[in-house]
Amino acid sequence: YVVLALAEARDAGFSIPADLTRQAVDALDQQVRNRSQKPEYYSIPVWNDARALTLYALARHGRVLDGEIDALAAQALAGGLSVEGESQLLRIIATTNRAALRRYRQPLLDRINQRVRVEATTAYLAAPDGDAYDWIFASDTRATAHGLAALIAAGTPADVQPLAERMVRYLMQSRQGGAWASTQDNAAVIDAFRTYHEAFETTSPDFTAQVKVAGKAVVQGRFAGRTLEVAEEQVALSTLPQGQQVPVTIEKSGAGRVYYSLRLQTFSAARLPAAAHGLSVQRQLQRLDDRGQPTGTALPADGSVTLQAGDLVRVTLRLTSPTERNYVVVDDALPAGLEALNTAFRTTNQEAAEQTGQSRWWGSFNHTEIRDDRVLLFADYLGRGEHTYTYLARATTPGTFVHPPAQAEMMYQPEVNGRTATGTLVVQPPQGSGMATR
């Protein structure tokens, strides 16, 4: 990292100490050639990633080790490196353009492109699972940043730009409080943004832009220079044509790039199938006996579930995300015949209450609300993988009720969402009561 920083400083026009830089480059050269000097706590794939970064740092100073890069690139194509290591190798090959290494350029480019995950308006690259990569501070944010820089360096602008814009949007939305989760992420993202800026945003903005809805200009503004100014306007639906298609047009006149997002939100009273758009949600009901112990099998709540009035059940929500998320909410709306129980009340079965709560303490739900008509879960930061939350509920009013889907979404990026299917809850009267089911 010091050798990389020296290269960044030199390229930015600063004077760097020549002797110190040469000695540091020589030391790295000697280290990376000794492939067996793997730290004990590094796995082989982690060591390969570390060596790829070292070779990239050396290449930034003109020290291109063809033999080492060739051997590591061959391992990369065989699956021996993560996407971060592959990205470092691709940057070396693309920027140095060595004849001995050109044959790896397209295969590495294809490999990284194939590993990009596109969802809604964003795209990202996933770091490997497992604690082994904690030694090199791997994360989806850093993997996406390194991959973005590599794709820009090696791909053609027309092919790369649409995907690069989605990756930039993912990185921007990964911030909390204006920064990313670690200094490693910060450095990688800023480097990727610099690369994107130099490739696509060298022209200073000087343009006017407007949005038309049904041919009528509803918002417009002039943008000169690089600012954070926003032009916005609210338009009532009652002012738009009803019962027909309403075209939306975005226009720009002048130099520079204009970015926009267009989002449509709809509502429906129809029964809905399960859906997963970046988030996956499952919901199960499990009957409990008087001692709070499970009876029978857990039932998926996206079909028809029959309970007796007075039955105690444990509701299990499983939320799965393939990457880290910020500001996620889960809304589990209750059917009219089911009432959630607050385990803090002494009247709640305490043996059953011991089996409620969540499966993870870090990177999971940090706030929950038990309401009369729903249970809400909130996560400021949601780690990758499965998150389980359980709560208690009791069947109350006899009848047949729609069980609305349990829904999850990112609060500031609602196009990333998921839901269970609509279910049906049948609550039968207590046996011997003589009551009829509606």
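I started at Met410, and in this predicted model I found it opposite Gln413 of β19. I then looked up the two strands around that pair: β18 covers residues 406-410 and β19 covers residues 413-419. They run antiparallel, and I noted 4 bridges joining them.

Next I asked myself which sheet β18 and β19 belong to, and in what order its strands lie. I read the order as β6-β19-β18-β11-β15-β14, an open sheet of 6 strands with antiparallel pairing. A reminder to myself: strands of a sheet pair through backbone hydrogen bonds.

Which strands stand at the edges? I found β6 (275-277) and β14 (367-370) there. Each has a single partner strand, so one side of each is left without a neighbour in the sheet.

Then I moved on to a pair of helices, α7 (residues 140-154) and α8 (residues 157-173). They pack at an angle of about 155°, and their axes are 10 Å apart. Because angles over 145 degrees count as roughly antiparallel, I wrote down α7 as roughly antiparallel to α8. I noted the crossing of α7 and α8 as left-handed.

Which residues meet between these helices? From α7 I listed Asp140, Thr141, Thr144, Ala145, Gly147, Leu148, Leu151 and Ile152. From α8 I listed Val160, Leu163, Ala164, Met167, Val168, Tyr170 and Leu171. Sorted by class, the contact of α7 with α8 comes to 11 nonpolar, 3 polar and 1 charged residues.

Note on methods:
Residues are numbered from 1 along each chain as its sequence is written. This is a predicted model: local features need pLDDT of at least 70, side-chain atom pairs count only at pLDDT 80 or more; totals for chains, interfaces and linings use all residues. Side-chain values use heavy atoms; hydrogens and water are left out. Axes are lines fitted to C-alpha atoms, for helices over the stretch in contact, and angles run from 0 to 180 degrees between N-to-C directions. Angles under 35 degrees count as roughly parallel, over 145 as roughly antiparallel, 65 to 115 as roughly perpendicular and the rest as oblique. A crossing is left-handed if the near helix is turned anticlockwise from the far one by less than a right angle, and right-handed if clockwise. Contact means heavy atoms within 4.5 Å. Ala, Val, Leu, Ile, Met, Phe, Trp, Tyr, Cys and Pro count as nonpolar, Asp, Glu, Lys and Arg as charged, and the others, Gly among them, as polar. Two strands pair if DSSP finds at least two bridges between them.
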